Amino acid sequence: MSADEAKAAAARLGQVKVTHEGSTSAFRTMKVLAVHPQFEIVFHIWRGKALRAAEVWIPPAAGRGHGSP
């Protein structure tokens with residue numbers, strides 16, 4: 001998945017934030033954040049050409065925080 005493909009996918013899900021765009025460092029990948037009301041996904045893009053990793057975060061349901069049964 002290229003940077004452009006990740007941005008397009010993120011745009012279909014909701015708001016998009018991009019950091020480190022154009023980075024060529026092996027230790028600082030470009031990040032494309034897709035923000036949706038029910039989840040967030042961070043796509044890590046290596047040198048703008050390849051998907052290195054993806055992280056998904058799903059917030060706890062309302063009223064079901066830590067310590068709740």
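The legends below describe views of a predicted model.

**View 1. Overall fold of the chain.** The chain contains 1 helix and 4 strands. Read from the N terminus, the order of elements is α-β-β-β-β. Of the 69 residues in the chain, 23% are buried. The exposed surface comes to about 4,900 Å², with carbon and sulfur atoms supplying 55% of it. Among contacts between residues at least 6 apart in sequence, 23% join residues at least 24 apart.

**View 2. The salt bridge between Lys 7 and Glu 21.** A search of the whole structure finds 1 salt bridge. Lys 7 and Glu 21 form a salt bridge in which the closest N and O atoms are 2.3 Å apart. The pair links distant parts of the chain, 14 residues apart: Lys 7 lies in helix 1 (residues 3-13), and Glu 21 lies in the loop between strand 1 (15-19) and strand 2 (30-36). Lys 7 is partly exposed, its relative accessible area being 24%. Glu 21 counts as exposed because its relative accessibility is 53%, and the cut-off for exposed is over 50%.

View 3. His 44 sits in strand 3, which spans residues 39-46. His 44 is classed as buried because its relative accessible area is 11%, and buried means under 20%. Leaving aside residues up to four places away in sequence, His 44 touches Thr 29, Met 30, Lys 31, Ala 50, Leu 51, Arg 52, Ala 53 and Glu 55.

**View 4. The polar contact between His 44 and Glu 55.** The side chains of His 44 and Glu 55 are joined by a polar contact of 2.5 Å. Glu 55 is also one of the residues that His 44 touches.

Notes: Residues numbered from 1 in each chain as written. Predicted model: local features only at pLDDT ≥ 70, side-chain atom pairs only at ≥ 80, totals over all residues. Heavy atoms only, no water. Helix = DSSP H or I, 4+ residues; strand = E, 2+ residues; numbered from the N terminus. Buried < 20%, exposed > 50% of the residue type's maximum accessible area, 1.4 Å probe, protein only. Polar contact = N/O pair within 3.5 Å; in protein donor to acceptor, adjacent residues only side chain to side chain. Contact = heavy atoms within 4.5 Å. Areas by Shrake-Rupley, 256 points an atom, 1.4 Å probe, with all protein chains shown as cover. Salt bridge = Lys/Arg side-chain N within 4 Å of Asp/Glu carboxyl O.
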